[in-house]
Amino acid sequence: MLAAGANLQQPDLAATLESLRVNGVNGLYAGMGAAQFAKAADQAGGGLTTGDLVNATPHYGAPDITQQGGYQVASLPVSPDAAGRALPASASFMALDKKGGAVICVTSMNNLFGTGRIAPGTGILLAASPRTAPTPDLAAEMAYTGGNDAFRAAATGTGQNAAAAAARIGLDNALTGQNAPIPAPGRANIISCPNNVPGGEASCRASTAPGANGLAIGGR
């Protein structure tokens with residue numbers, strides 16, 4: 001175990017990230033990079049093949065759009081069969097620029113710390129297989145004005161089965177100024193700009209779930 005304050009050095013992961021920087025996604029998903037990663041994952045019990053990597057494609061879907069407090073709210077669709085399952089853990093981060101450009105990312109390894117195994121020589125911690133793990137609830141909401149797409153607020157929710165409720169309550173708190181409690185184990189991260197962005201950048205505040213060791217920072 002590392003001592004408190006010690007640096008964690010990950011040269012294998014650094015090399016993998018450098019390959020992605022130089023070669024783009026093909027550095028991992030095609031050619032020699034894919035073959036090397038599939039072999040390393042197999043050594044760790046991952047069972048990946050180069051075909052899995054080559055055939056991996058993103059899925060683009062439309063958000064759910066509703067109205068709330070004079071704003072349009074775009075939300076990730078909630079899985080209809082999420083209730084009653086012990087869902088995988090997730091994590092999230094958000095970013096907002098002074099022009100109102102906002103990005104929300106919610107991610108999951110389909111289990112807490114995935115498989116707990118690193119593909120040798122890559123530094124990559126392997127996720128649990130989506131073929132055997134339940135589908136996680138990835139929860140995020142963003143409020144904006146419809147006319148000029150001015151940003152008002154965004155919230156992400158984590159906490160397994162409580163993720164969707166956390167995002168919903170978090171965004172409602174941002175829009176109304178209330179501080180309604182979020183049911184455990186849910187956690188919400190929030191960016192709120194009461195004067196909208198662009199134009200009201202000075203009003204923006206970011207907050208993370210108390211006790212969740214998150215990070216909320218701003219800059220010019």
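Analyst: **A surface patch and its backbone**

Leu112, Phe113, Ile118 and Leu125 together make a nonpolar surface patch of about 420 Å². Such patches take residues with over 30% relative accessible area and no salt bridge (a Lys or Arg side-chain nitrogen within 4 Å of an Asp or Glu carboxyl oxygen), with nonpolar side chains (Val, Leu, Ile, Met, Phe, Trp, Tyr) joined within 5 Å and like charges within 9 Å. Areas come from the Shrake-Rupley method with a 1.4 Å probe, and only the protein chains shown count as cover for residues.

A word on the model: it is predicted, so local features need pLDDT of at least 70 and side-chain atom pairs pLDDT 80 or more, while totals for chains, interfaces and linings use all residues. Numbering runs from 1 along each chain as its sequence is written, and side-chain values use heavy atoms, without hydrogens or water.

Now to Phe113, which sits in the loop between strand 4 (102-107) and strand 5 (118-119); strands here are DSSP E runs of at least two residues, and helices H or I runs of at least four, numbered from the N terminus. Phe113 counts as exposed because its relative accessible area is 59%, where exposed means over 50%, buried under 20% and partly exposed in between. Its phi is near 60°, a positive value in a residue other than glycine.

Gln160 lies in the loop between strand 8 (151-158) and helix 5 (163-176), and is partly exposed at 34% relative accessibility.

Notes: The expected span of a helix is 1.5 Å times one less than its number of residues. Contact means heavy atoms within 4.5 Å. Buried means under 20% relative accessible area, exposed over 50%, partly exposed in between (1.4 Å probe, protein chains only).
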